[in-house]
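The following report describes a protein chain, moving from its overall composition to individual side-chain pairs. Please consult the sequence and structure shown here alongside the text.

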Amino acid sequence: MRGSSRQSWRSDLGKAAVACAAFAVMISAVGVRAAEKAATNIDLMQDLTAGVIRELHGKFAPVLNGRAVRLKPAGTTEDYFFVTNVFREELMKLGVETLDPSTPLPAPAPAPATQGAGTGAGATT
């Protein structure tokens, strides 16, 4: 009887060892897949910038009224060009025309003249 309980114990220990090894393999495979899917700093920056553009577009689309947007970076470093490129991509996805910084802007249209006396800023009633 003692022999069979030892064999049962060894069998249970072997099963536990196999289960632990299988669990370790599963966990390491999940870790590798998670590491492969982990976002880089550039991915995070791109997602953040795209989110800002979507929010701004939601607020200012009526003001744009279909007009193009001229993108001009505030500096000349890679960071500014990166953000400008993400702005351009996201605006294009939203259907907003973007203009290159070197594109000259058209002159503003003159304000329509008002007719009639007494409508100026210095008029009194």
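Predicted model: local features only at pLDDT ≥ 70, side-chain atom pairs only at ≥ 80, totals over all residues.

Lys 59 forms a salt bridge with Glu 55, in which the closest N and O atoms lie 3.6 Å apart. The two residues are 4 apart in helix α2, so about one helical turn separates Lys 59 from Glu 55. In general, an α-helix has 3.6 residues a turn, so residues three or four places apart point the same way.

## Overall architecture

The secondary structure of the chain consists of 3 helices and 2 strands. Read from the N terminus, these elements follow the order α-α-β-α-β.

Of the chain's 125 residues, 12% count as buried. The chain exposes about 10400 Å², and carbon and sulfur atoms supply 62% of that area. Where contacts join residues at least 6 apart in sequence, 69% of them link residues at least 24 apart.

Helix α2 spans residues 41-64 and has a kink of about 45° at Gly 58, shortly before the proline Pro 62. Asn 65 follows α2 and has a positive phi, near 50°.

The buried residues of α2 include Thr 49, Ala 50, Ile 53 and His 57. Part of the cover over the buried residues of α2 comes from α3, residues 78-93.

The whole structure contains 3 salt bridges. In one of them, the side chains of Arg 54 and Glu 90 meet with an N to O distance of 3.5 Å. This pair links distant parts of the chain, with Arg 54 in helix α2 and Glu 90 in helix α3, 36 residues apart.

Lys 93 and Glu 90 are 3 residues apart in helix α3, so they are separated by about one helical turn. Lys 93 is exposed, with a relative accessible area of 62%. Through shared partners, salt bridges join Arg 54, Glu 90 and Lys 93 into one network.

Note on methods:
Residues numbered from 1 in each chain as written. Heavy atoms only, no water. Buried < 20%, exposed > 50% of the residue type's maximum accessible area, 1.4 Å probe, protein only. Contact = heavy atoms within 4.5 Å. Areas by Shrake-Rupley, 256 points an atom, 1.4 Å probe, with all protein chains shown as cover. Bend = angle between axes of the 7 residues up to and from the residue. Salt bridge = Lys/Arg side-chain N within 4 Å of Asp/Glu carboxyl O.
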